[in-house]
Amino acid sequence: MDVITLEYLKLKYILQTLLMKYFLTILAFAFIHLSFSQNCKYIFLGEVIDFHDKTPIIGATIYIKNLDKYVTSDVDGKFRIEKLCNGEITLVISHLACVTKTQTFVIKGDMAKTIALEHHIEELNEVSISAKAVKKNTVTAQESVIKSEVLKKYSSLSLGDALKEVPGISSINTGNTIVKPMVNGMHSSRLLIINNNVRLQDQDWGIEHAPSIDINSANQISVIKGSGALRYGGDAIGGVVVLNPARMILKDTLYGKTIASGQTNGRGFSLSSSLNKTFESGWFANVQGMVKQNGDFEAPDYILTNTGMQSQGFSINGGKKTFESGFEVFYSFLNNKIGILRSAHIGNIGDLVDAINSQEPFVVEDFSYDINSPKQEITHHLLKGLYYKRFKNFGKLSLQYDYQNNQRFEFDVRVGDDRDKPALDLNLQTHSVMADLILDSNLNRKMTFGLMGRYQNNFANPDTGVRRLIPDYDKYDFGIYGTSEWVINGKLTVDAGLRYDFNRINAKKFYQISRWEERGYDTDFSNTIIETQGSQYLTNPIFDFHNFSSSAGLKYSLDDDSYLLANYSLASRPPNPSELFSDGLHHSAARIELGDLRLNQEVSNRISASYNLDTPNLLLNVDVFYNRVNDFIYLKPSGIEQTIRGAFPVWEFIQTNASFYGIDVSANYEFTNNLQWSNTTSYIKANDVIEDKPIIDIPAFNTNNAITFSKPEWKSFSASLKSEWVFEQNEFPDFNFETFIASTDETILVDVSTPPPAYHLLHFYAEATIPISKQTTLNIGLNVNNLLDTNYRTYLNRLRYFADDLGRNILLQLQLNY
């Protein structure tokens with residue numbers, strides 16, 4: 001084969017190869033074009049509606065991620081996306097005042113879908129905020145809210161201390177570490193405490209039993225009076241305190257805070273830290289922990305021996321929350337060890353007389369961190385599981401179970417083998433289930449229904465060697481309620497509710513036969529005797545209580561700056577186990593307490609009204625109320641009883657009809673952008689209607705004024721000087737009694753009734769926030785309580801007979817936000 005022929009064959013092969021490649025390329029382009037023309041002609045028709053009532057949402061923005069383009073819903077809530085191919089398409093739908101929603105669809109042809117957004121989500125949860133206690137403006141109940149900016153100042157203190165930010169809230173104390181909140185003169189079993197939607201069950205019947213709450217676990221606290229309290233319980237005669245954690249954020253983020261503080265009075269420290277992890281998908285987890293320790297506190301002139309405390313606690317929370325459904329698991333642990341003023345331990349009535357007549361405590365020792373008897377040790381566990389589901393054009397269903405275990409030890413000063421044995425050993429276990437249904441498809445008429453079931457077991461350990469104050473008992477509770485809220489027009493909103501509760505207490509208790517007959521129980525309760533054991537009866541009293549509650553309220557807007565609230569509520573509270581069964585020496589109270597098996601339910605009729613004004617310079621709120629409580633239960637001294645330890649006063653639970661009425665005022669006025677004045681004032685009167693005399697343990701008139709200077713450009717600096725003025729309580733019952741003192745061979749008057757004089761205190765607070773990095777800030781706060789180191793005693797402090805209240809306390813606090 002010659003060279004020319006060879007070159008020809010090569011050229012022919014190259015041309016054939018090029019023609020084949022060209023032909024295949026043409027076929028490929030044709031196939032691609034054919035495929036495109038077949039699969040990218042599809043249309044997606046969408047409709048955006050309100051999740052509640054299915055009304056169209058106009059002007060929603062729809063972002064198509066795959067195509068990087070936007071469309072908008074029309075006047076009918078509809079939108080159209082054209083030229084779509086087979087496969088997935090991701091849409092991001094957003095609208096003002098709505099929760100942004102991301103959804104993915106699989107395109108297999110033309111498609112039409114309806115997308116529901118939660119419209120008015122901001123309106124449903126809107127809260128008006130100011131620097132102090134504020135009013136929630138979306139409900140008709142009298143409600144005050146304390147936000148995290150204020151709560152941070154109380155990180156090393158108690159719930160009862162923080163609640164005093166709200167007018168009408170005071171406390172009844174046992175020293176300065178056992179602080180029990182009081183709302184308009186009501187406390188203990190008349191005041192419900194809700195922690196993360198769980199009603200606290202921690203032996204709240206005792207005046208010297210502080211709530212088992214770590215205030216650092218709360219991001220916001222609400223105090224509710226009137227009709228808004230009905231859904232939490234029908235026995236909330238005083239009201240409800242609701243502690244809410246921080247809201248979960250629907251985005252991928254990690255954040256937290258650490259608060260460290262030290263104080264001069266008690267030479268104590270406090271450390272609290274929390275860490276939160278959230279995901280855009282709705283998953284979340286957070287953990288929070290706290291430790292506090294204080295040594296002996298000090299009055300201006302002496303050390304208050306054995307008044308230290310130790311506290312440790314933590315909580316864990318996790319789950320998944322989206323708008324349409326979610327679940328949550330929550331666990332918290334708290335352990336408190338609290339010293340009781342050593343001089344408050346009295347052996348008999350003679351010691352009480354000497355203490356009242358003495359200007360200083362009997363026992364004053366050098367400062368110490370030791371906590372000896374008398375003391376309390378309390379451990380509280382709380383476990384909660386919650387699931388909720390929203391249904392389109394219907395509402396939200398929530399199911400919850402919670403378990404609580406409260407262990408309480410109270411130690412008396414004892415000798416010998418019983419030195420380290422508690423005088424009171426109580427274990428309270430509580431199981432609760434709840435179902436709540438909110439019907440909110442019509443935003444002008446919201447209805448809520450709920451069911452509650454609860455079982456409670458109390459075990460009073462008989463191995464203390466002391467007669468048990470509270471017996472073993474099982475308690476069964478069932479509740480059902482319904483409430484409704486109607487928006488009548490742009491000015492008027494009304495609400496109403498009904499609730500029924502059934503309570504059964506099944507107790508087993510030993511009574512001394514002499515006490516049984518003295519109380520007349522042998523006639524009225526002989527059928528409860530199970531057996532006779534020596535000088536005692538073993539009895540099995542069972543009580544059933546049927547309680548009906550109702551409420552009604554209205555809110556009327558006068559103009560854009562002011563509105564009126566009016567509320568009526570009927571509440572019914574059955575007697576608690578202490579009021580029914582107490583029978584013996586209450587060591588921490590140094591008195592014999594006697595319950596009464598004949599006690600009936602308390603029935604409260606409460607009427608209240610509020611005026612609220614909110615202008616650029618002035619924020620004013622005025623609350624007035626009248627509360628008539630029939631069969632009001634309280635402790636009253638009835639005489640002296642001799643025991644092997646000496647003579648002790650006897651206090652009995654009795655019932656009367658009582659009236660409570662008063663006024664609470666809060667005001668905040670801005671003179672300039674940098675200078676403001678604030679005031680809270682409360683006045684309350686309470687009378688025994690039957691005996692025409694005042695009710696015991698009612699707070700005196702008090703008023704607080706503060707001047708605050710703030711300069712945001714100076715690292716958010718602010719400083720305030722606060723005046724606290726508490727008047728002398730001039731209206732009190734005369735429960736003084738006479739007793740014979742054998743050592744002096746004389747009969748003397750024991751004055752347990754006369755309140756201490758009025759007092760005035762000054763407090764100082766300053767803070768600044770320093771940026772550390774783009775996402776980290778350091779807040780530095782300085783708090784000086786009782787600035788002038790004033791001597792004073794508080795009427796509502798049960799240890800006022802034995803010592804002065806706290807002297808000056810300087811507290812430095814650092815809060816790192818990250």
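Here are some questions and answers about salt bridges, a core and a surface patch in this predicted model.

Colleague: How many salt bridges does the structure hold?
Modeller: A salt bridge needs a side-chain nitrogen of Lys or Arg within 4 Å of a carboxyl oxygen of Asp or Glu. By that rule, the count for the structure is 33.

Colleague: How many residues apart in sequence are the parts that Arg-190 and Glu-602 tie together?
Modeller: The two side chains meet in a salt bridge, 2.6 Å from N to O. Arg-190 sits in the loop between β11 and β12, and Glu-602 sits in strand β35. So the pair ties together parts whose separation in sequence is 412 residues.

Colleague: Is Glu-602 buried or exposed?
Modeller: Buried means under 20% relative accessible area. Glu-602 has a relative accessible area of 0%, so the word for Glu-602 is buried.

Colleague: And Arg-190, buried or exposed?
Modeller: The cut-off is again under 20%. Arg-190 has a relative accessible area of 8%, so Arg-190 is buried.

Colleague: Where is Asp-440, the residue that pairs with Arg-390?
Modeller: Arg-390 and Asp-440 form a salt bridge, with their closest N and O atoms 3.7 Å apart. Arg-390 belongs to strand β23, 50 residues away in the chain. Both residues are buried. Asp-440 lies in the loop between β25 and β26.

Colleague: Which helix holds Asp-524, the partner of Arg-598?
Modeller: The side chains of Arg-598 and Asp-524 meet at 2.9 Å, N to O. Arg-598 is in the loop between β34 and β35, so the pair ties together parts 74 residues apart in sequence. Asp-524 is partly exposed, at 43% relative accessible area. Its helix is α7.

Colleague: Which residues are linked with Arg-467 in a network of salt bridges?
Modeller: This one goes beyond a listed pair. The residues linked with Arg-467 are Lys-509, Arg-515, Glu-518 and Asp-583.

Colleague: Which element gives the largest share of the largest nonpolar core?
Modeller: That core has 40 residues, and Trp-516 and Phe-543 are among those with the most contacts inside it. Elements that give two or more residues include β25, α6 and β37. The largest share is 6 residues, and it comes from β36.

Colleague: Where is Asp-561, one of the residues of the negative surface patch?
Modeller: The patch is formed by Asp-559, Asp-560, Asp-561 and Asp-614. Patch residues need over 30% relative accessible area. Asp-561 has 34% and is partly exposed. Its place is the loop between β31 and β32.

Terms used:
Residues are numbered from 1 along each chain as its sequence is written. This is a predicted model: local features need pLDDT of at least 70, side-chain atom pairs count only at pLDDT 80 or more; totals for chains, interfaces and linings use all residues. Side-chain values use heavy atoms; hydrogens and water are left out. Patches are made of residues with over 30% relative accessible area and no salt bridge: like charges are joined within 9 Å, nonpolar side chains (Val, Leu, Ile, Met, Phe, Trp, Tyr) within 5 Å. Accessible areas come from the Shrake-Rupley method with a 1.4 Å probe; for residues, only the protein chains shown count as cover. Lys and Arg count as positive and Asp and Glu as negative; His and the chain ends are not counted. The place of a charge is taken as NZ of Lys, CZ of Arg, CG of Asp or CD of Glu. Helices (H or I, at least four residues) and strands (E, at least two) are DSSP runs, numbered from the N terminus. Buried means under 20% relative accessible area, exposed over 50%, partly exposed in between (1.4 Å probe, protein chains only). A nonpolar core is a set of buried Ala, Val, Leu, Ile, Met, Phe, Trp, Tyr and Cys residues joined through side-chain atoms within 4.5 Å.
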